[in-house]
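Hi everyone, thanks for making time this morning. I'd like to walk you through one model, so please have a look at it with me.

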Amino acid sequence: MPRPTTLPEPWRSLAAKLGGVEALANALGTTRRTLDHWARGDRSPSGTSRQAIRALFEAHDLESPV
């Protein structure tokens, strides 16, 4: 049974659409830890990562948090 995610919305919804947090991290070319920092606002993604995040959220009809 998969672990429940603790990511805040809208990250949680995108992770669910992609098959989990690991799949979301892989899609963004990052680690789960970095993804968690971005989602919680502890760190800001770089410009390139921010573009990838926006594109991925848009591709799944979700509003980007960055």
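What you see is a predicted model, where local features need pLDDT of at least 70 and side-chain atom pairs count only at pLDDT 80 or more, while totals for chains, interfaces and linings use all residues. Residues are numbered from 1 along each chain as its sequence is written, and side-chain values use heavy atoms, with hydrogens and water left out.

Let's start with helix α4. Helices here are DSSP runs of H or I with at least four residues, numbered from the N terminus. Helix α4 covers residues 47–59, which is 13 residues. From first C-alpha to last it reaches 18 Å, close to the 18 Å expected at 1.5 Å a residue; that expected span is 1.5 Å times one less than the number of residues.

Which residues of α4 are buried? They are Ser-49, Ile-53, Leu-56 and Phe-57, where buried means under 20% relative accessible area, exposed over 50%, and partly exposed in between, using a 1.4 Å probe and protein chains only. These four cover an arc of only 95 degrees around the axis, so they sit on the same side of α4; the arc is taken from the directions from the helix axis to the C-beta atoms. As a reminder, an α-helix has 3.6 residues a turn, so residues three or four places apart point the same way. On the face turned away from the buried side, α4 carries the exposed residues Thr-48, Gln-51, Glu-58 and Ala-59.

And what covers that buried side? The cover includes α1 (11–18), α2 (21–27) and α3 (32–40), with contact meaning heavy atoms within 4.5 Å.

Because Trp-11 lies in helix α1 and Phe-57 in helix α4, the pair ties together parts that are 46 residues apart in sequence. Trp-11 counts as buried at 2% relative accessibility, and Phe-57 does so at 0%.

Let's move over to α2, where we find Leu-24. Leu-24 is buried, with a relative accessible area of 0%. Leaving out residues up to four places away in sequence, Leu-24 touches Leu-7, Trp-11, Leu-14, Ala-15, Leu-18, Leu-35 and Leu-56. Leu-24 and Leu-56 are 32 residues apart along the chain, with 9.3 Å between their C-alpha atoms.

Leu-18, in helix α1, is partly exposed at 25% relative accessibility. With the sequence neighbours up to four places away left out, its contacts are Ala-23, Leu-24, Ala-27, Leu-56 and His-60.

Finally, the backbone. Most residues other than glycine have a negative phi, and most peptide bonds are trans. Here, a cis peptide bond joins Glu-9 and Pro-10, with omega about 0 degrees, and Pro-10 sits in the segment before α1. After α4 comes Asp-61, with a positive phi near 55 degrees. Is Asp-61 buried or exposed? At 72% relative accessibility, Asp-61 counts as exposed.

Definitions and conventions. Helix = DSSP H or I, 4+ residues; strand = E, 2+ residues; numbered from the N terminus.
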